[in-house]
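Please examine the sequence and the three-dimensional model shown below. The paragraphs that follow lead through its packing, beginning with a single residue.

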Amino acid sequence: MSDWVWFLEDLGIAPRLAGERLSAVGSRVPITPLPCRGIFPPRATGATYDLHFTRSPLEEVHALIHVWNQSAFERRKLKVTLQIKLGDTMDRIGYQLVVGSL
């Protein structure tokens, strides 16, 4: 039971960290441009390059669920997935966790 509470807490933290360009799954070091020497001007110090390696909050949550599935849930014969809840007019109204057995 404590793993489930820990998992839910991580799910609350992951999107917030992704918004700050941090990862709950990978490194906890912020993605910042590296200092550059030589022919590159100071403004071309990797900001565009680093943007390709950031995840959206939704991608970060999916990555976190994947890690939890592999490390904690699959050995218990469970699999957690995140599904989009749709409204009557096919508008996205939220998300729901679905726990299935393997």
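Proline 15 is partly exposed because its relative accessible area is 27%; buried means under 20% relative accessible area, exposed over 50%, and partly exposed in between, with a 1.4 Å probe and protein chains only. This is a predicted model, in which local features need pLDDT of at least 70 and side-chain atom pairs count only at pLDDT 80 or more, whereas totals for chains, interfaces and linings use all residues. Residues are numbered from 1 along each chain as its sequence is written, and side-chain values use heavy atoms, with hydrogens and water left out.

Proline 15 lies in helix H1; helices (H or I, at least four residues) and strands (E, at least two) are DSSP runs, numbered from the N terminus. When neighbours within four places in sequence are set aside, proline 15 is in contact (heavy atoms within 4.5 Å) with Pro57 and Val61. Proline 15 and valine 61 are separated by 46 residues in sequence, yet their C-alpha atoms are 6.5 Å apart in space.

Valine 61 leads on to the largest nonpolar core, which has 14 residues. Such a core is a set of buried Ala, Val, Leu, Ile, Met, Phe, Trp, Tyr and Cys residues joined through side-chain atoms within 4.5 Å. Phe7, Leu11, Val61, Ile65, Trp68 and Phe73 touch the most other members. Helix H1 (2-19), helix H3 (57-73) and strand S1 (78-86) each supply at least two residues of this core, and H3 gives the most, with six residues.

Which residues does tryptophan 68 contact, beyond its neighbours within four places in sequence? They are Asp3, Trp6, Phe7, Asp10 and Phe73. Tryptophan 68 counts as buried because its relative accessibility is 7%.

Rings of Phe, Tyr and Trp (its six-membered ring) pair if their centres lie within 6.5 Å; planes under 30 degrees apart count as stacked, over 60 as edge-to-face and the rest as tilted. By this rule there are six aromatic pairs. The ring centres of tryptophan 6 and tryptophan 68 are 5.4 Å apart and their planes stand at 90°, so this pair is edge-to-face. It links distant parts of the chain, with tryptophan 6 in helix H1 and tryptophan 68 in helix H3, 62 residues apart.

Phenylalanine 7 and phenylalanine 73 also form an edge-to-face pair, because their ring centres are 5.1 Å apart and their planes are at 90°. Here phenylalanine 7 belongs to helix H1 and phenylalanine 73 to helix H3, 66 residues apart. Trp4, Trp6, Phe7, Trp68 and Phe73 together form one aromatic cluster.
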